[in-house]
Amino acid sequence: MNRRKLLSLLGMSPAILAGESALAAQTEKKPAPATHSSAASAKPGTGPAKITTVNPKGMPPQIQLIPMAPRLDSLDGKTVYLVDTGFHGSDMLLEQIQEWFKTNMPGVTTVFKRKAGPYAQDDPALWKEIKEKGNAVIMAVGH
Amino acid sequence: MGIPSAPIITKAFKDLAILNAAKRGMPHERICFTQHPVWGKTPDELKVYVNGDDPVNNKPFLKEVVDALTVPLSDDEKKSGMVSVSVGPPTFTDTADNLQDFYLNNGYTDFLPIILPTEERVDAMMKGTSHHPDEVVGKMAAGAYPPWSYTVRHVAASAVMAGCRPEYFPLLLAVASSGIASLFSSTNSFAFAMIVNGPIRDKLEFNYGIGALGPFAQANAAIGRAWTIMSKNLGNGGIPGDTYLGSVGNNLNYNNVVIAENEEASPWDPFHVQRGFKKEENVVSLFRGLGVVPGQVARGSSVNTAPMFDQQMSDLFSTFTGFFGALIIADPLVAVRLHEQGYDTKDKLIDWLYKNTTQTVKDYKSRNYSYLFEYPQALQGVEPFATWYKLPDDAVIPHFPRPSSFNIVVTGGQTNAYPQGANMSYGVSVSIDKWA
Amino acid sequence: MNRRNLLSLLGLAPALLAGARTEAQPSDKTPASGKSGAAPSGAQFTALNPKGSPPPVKLIPMAPRLDTIHGKTIYLVDTGFMSGGVLLQQMQIWFQKNYPDVTTVFRKKAGAYMEDDPPLWKQIQANGNAAIMAIGH
Amino acid sequence: MEKLGIPSVPMATKSFADLAKSNASKRGMPHIRACFTPHPVWGKTAEQLMAYVEGDDPVSGKPLMKEIIDGLTVPLTAEDTKTGMMDVNVGPPIYGPDTLDNLQKHFLDNGMTDFLPIIIPTPEKVDAMLKGTSHPPDEVVGKMAAGAYAAWTFNVRQVAVNAVMAGCEPEYFPILLAVASSGMAALGSSTSSFAYSMVINGPIRDRLNMNYTIGAMGPFAQPNAAIGRAWTLVGKNLGNGGIPGDTYMGSQGNNTNYNNIVIAENEKDSLWKPYHVQKGFKPEDNVVSLFAGEDIRQGHGARRAGVLENPMFDDQISDIFRTLTSQFDALVICDPLTIKRLVEQGYDTKEKLMEWLWKNTTRTAKDYRDSAFVYTFHYPRALRGEEPYKTWYNCPEDTQIPYWPKPDNIVLVCAGGQTNPFFQVGNLTYRTSVSIDKWM
């Protein structure tokens, strides 16, 4: 599935992707049945009666768009943090990436860090350290 | 944070990663993908991943990582502001058969027949509570997503769909108000349970006799099922590949493990009384974990001695992960027998189990869950994990971190002295009376 | 629950208990019709009975009773559930004390608890006058 | 016994009072002279049991031994000696006409459902379901009983009614007919609370859009959900199962009885032979295989996970096996990632892993014989001279013996969405495989 299709599944307006105003671009997902009509009453002999039912979905919060951080001109001479969020094998993967930088971009300083706390928990101390000492982050989230 | 970053994720999580970033407000986040899985691969195998192509974009993987950090941002990528998410119109009109199909095909159900939530039926359901239809009940998310909120009316729609009666409604509102979804977005396939205590068990005709955990009473069946339907509709859970990732899935997610305690036949304090409620209060307590297994097959079910249920439970628990707790679901015959053995309170039994269910540090460290969830806490100095990780390999430590990892509830029809054990942790107890 | 209620749950006609020959007699009330609610859900439908077809039950006359158990041989049969044997052994002790002229023979049924054990039945038929079977737990 | 002319008195514990009476009736002896002891017997001392013997029958309130002796000696009444046939009534063939709401309530109140909403089986819906098979509506499909009771028979139409109720589509119908034709009910009458499972193989999985990837065993696809649920309704309505205190005695019940454990094998992503091919079917055949046993559990608690080096799944599976009862077999459900890893370890066929697991999952003869379950189920077979139980009961106490008689007692299937290399283990025994194509 491409990104556009995926996001429309979310109920997000495709308009955001086309670059239109992102403000409250409300769309109505079209349901298969008619969306409104007075509750039809049963008329025996005229086919199955129509009834009206309520939408059981809760209320999703609005999503605050976050502008991405400005990119660097080049990685040369910069410090890149490699952050392991703790899934199996990601430490070994990041070690391989570290190796790659040593061989292919020796001008880059890499720092390996294991995020403290379980995988879904924040680690503010680490973020602070990166903000002070680092220029970019590569984060391994997978398995 | 102002620092450019490039998340690396394995291919299996592609859709999830894009959706998640979008939900967090970055629909264009520059995500780089490697082959899946990474776990269990040798360094040499991983070197091939790193030097190869991103299997999603088919570009050299590390060129992509470097580009993600250095290629300037487009206008879209700089965008800020608020976007709304649509869930469709408030009502649908069609024939009953078409609506049944429509609800099923749009993921509003557990793929089984529902009672269609007509306005009359939803209104009738709301007569089961004194709370206003538009009152906000709570917020729910099926994982680390922005939670959705919902009103009494929304809860009523799911309750009707699951086959609940209006008199069940306060119990469902109590569950919904906890914000705990019974479908969770981990790659593990978690199970959920609820314990119901108080006079409401008899008022709603819960089954806590023969077949207590099975399909033998409307209250047990429909209330358990409603939790899953609520989790889908109110908490946006249960979308495979997006908000549900359990690799193999869990059969218990259909109806959840609903346990009405057999308070009358139990020699011990009911569960809610242990939690500080009065006996006459109606309370629902929620649990999460891996599943329920029978205990009668564990070692200790000896023919040569009297049945040693304490040893049986301990044996069973030694195969559980200590990351979740141990919930004993004891038939009244088991409870009475344990009581005769000298465990005149649940706490005494819990104390014995905590002390006698042990493991070596070596075994502890070799378990998946220890590494994934407890090692990071050890690094932060959280006890007992910090100490456990410093002990020698042959040191014997408790299997569960603390006595409060254990819980005991009594249910069953006394046709046989069988216990069951659930590898589940206690979450929260909620007053049902508050929602009456 | 009394025997009559139980048997009617089974679908056995209560008439059987009164000694009369039975005819199938609808015991399930069909749901009340006529009292229809609001329009859409008020339409009338019929639905098929989902039940299978139970076989008729063949009545088995009970074996004639003994005049007395004095001097007779009684088999105590353990069908194999936990501790059934211990209970029957206590019963043997009771017979020795209270009916010393009754011969009791303890047997554990071979085969899993639901399986038949024809050699044992044959033995009881040949050597015994009565049987007590422990089925419980 | 009574048939052989020997007067007999069955004795059960009080918990089985209703059951014993209704059972005797089903067997044609509605007036059987059953007597009862207090419950339970298991775990009581000899002194406590003597007190039972010398005490009163808790059901009749009369002295137990007097009742037993009366049962053997008091002359029979006319009713006690009655012979003939009696019919069992299951109600009219059609309910209604009535409103959908009232019919929904009627089905629920009369124990014809799992206490959850159904699709009302109107003649039109049942006719539509019947289009899912070429077999005529009146063809007898099989017989079913939920335990040691007289089996009920049923035809294609009666299966269709239950299929409609559960929420099945007509194209699922051949699977249900295949399941029903096995005569196996998904609700047992034991005091153990058993679980049931089906493994589905063949192209029908994709034709019905069965889910065998993420959340394979959970509520994420209509065929998985509805077919599993229909099995329980079939057990209740066609096999007369699931009546607590009568045909259902599980003390605590089992949550998996709602929808049963439906496993569509992930044949596409598995590196091993599909299960039905192991059973001698062709890959293009559609087959459903049925299992019964205790439960299903996740592999997470296993020791020797070997996270940092190598996930040793063979060891992990064996470790979980040690917590099962050998009264039932093992059904291992592996995510495709787990299988990939096992194949890399050298288990390039299921048979190799089955053999390794069988050889390496052992315990001492002493532990084996001490198990109450083994005593109830295996010891009588050992007495009859059946192998390997006879050997296992006669070898020295410290002999290491395998959990199961043969490697075939270990079944391996593939399901899952490759989000994590997990596995689950069912303490479940293979019963039978049935061709679905035969019921198309």
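A residue counts as buried when its relative accessible area is under 20%. That cut-off is used throughout this report on a predicted model.

**Helix H12 of chain D**

Helix H12 of chain D spans residues 336-344. Its buried residues are D:Pro336, D:Leu337, D:Thr338, D:Ile339, D:Arg341 and D:Leu342. What covers them? The cover includes helices H11 and H13 and strands S10, S13 and S14 of chain D. The table gives their residue ranges.

| Element of chain D | Residues |
|---|---|
| Helix H11 | 313-321 |
| Strand S10 | 330-334 |
| Helix H13 | 350-360 |
| Strand S13 | 410-414 |
| Strand S14 | 423-435 |

Now look at the two ends of H12(D). At the start, a side-chain oxygen of D:Asp335 comes to within 3.0 Å of the backbone nitrogen of D:Leu337. Just after the helix, D:Gly346 has a positive phi of about 120 degrees.

**Asn427 in strand S14**

Strand S14 of chain D, part of the cover over H12(D), contains D:Asn427. Is D:Asn427 buried or exposed? Its relative accessibility is 0%, so D:Asn427 counts as buried. Leaving out residues up to four places away in sequence, D:Asn427 touches D:Gly293, D:Glu294, D:Asp295, D:Leu324, D:Thr325, D:Phe328 and D:Asp329. With D:Phe328 there is a polar pair: the backbone oxygen of D:Phe328 lies 3.3 Å from a polar atom of the D:Asn427 side chain. D:Lys352 is 75 residues from D:Asn427 in sequence. In space, their C-alpha atoms are 20 Å apart.

**Two packed helices in chain D**

Two packed helices are described by the angle between their axes and the distance between the axes. Take helix H5 (residues 123-130) and helix H6 (residues 156-166) of chain D. They pack at an angle of about 110 degrees, and their axes are 9 Å apart. H5(D) is therefore roughly perpendicular to H6(D). The crossing is right-handed. Which residues make the contact? H5(D) supplies D:Lys125, D:Val126, D:Met129 and D:Leu130. H6(D) supplies D:Val156, D:Arg157, D:Ala160, D:Val161, D:Ala163 and D:Val164. By class, eight of the contact residues are nonpolar, two are charged and none is polar.

**Chain C as a whole**

Chain C has four helices and five strands. From the N terminus on, their order is α-α-β-β-β-α-β-α-β. The chain has 137 residues, and 49% of them are buried. Among contacts in chain C with a separation of 6 or more, 65% join residues 24 or more positions apart.

Conventions:
Residues are numbered from 1 along each chain as its sequence is written. Chains are lettered from A and ligands numbered from 1 in the order in which they are written. This is a predicted model: local features need pLDDT of at least 70, side-chain atom pairs count only at pLDDT 80 or more; totals for chains, interfaces and linings use all residues. Side-chain values use heavy atoms; hydrogens and water are left out. Axes are lines fitted to C-alpha atoms, for helices over the stretch in contact, and angles run from 0 to 180 degrees between N-to-C directions. Angles under 35 degrees count as roughly parallel, over 145 as roughly antiparallel, 65 to 115 as roughly perpendicular and the rest as oblique. A crossing is left-handed if the near helix is turned anticlockwise from the far one by less than a right angle, and right-handed if clockwise. Contact means heavy atoms within 4.5 Å. Ala, Val, Leu, Ile, Met, Phe, Trp, Tyr, Cys and Pro count as nonpolar, Asp, Glu, Lys and Arg as charged, and the others, Gly among them, as polar. Buried means under 20% relative accessible area, exposed over 50%, partly exposed in between (1.4 Å probe, protein chains only). A polar contact is a pair of N or O atoms within 3.5 Å; within protein, one must be able to donate a hydrogen and the other to accept it, and residues adjacent in sequence count only if both atoms are side-chain atoms.
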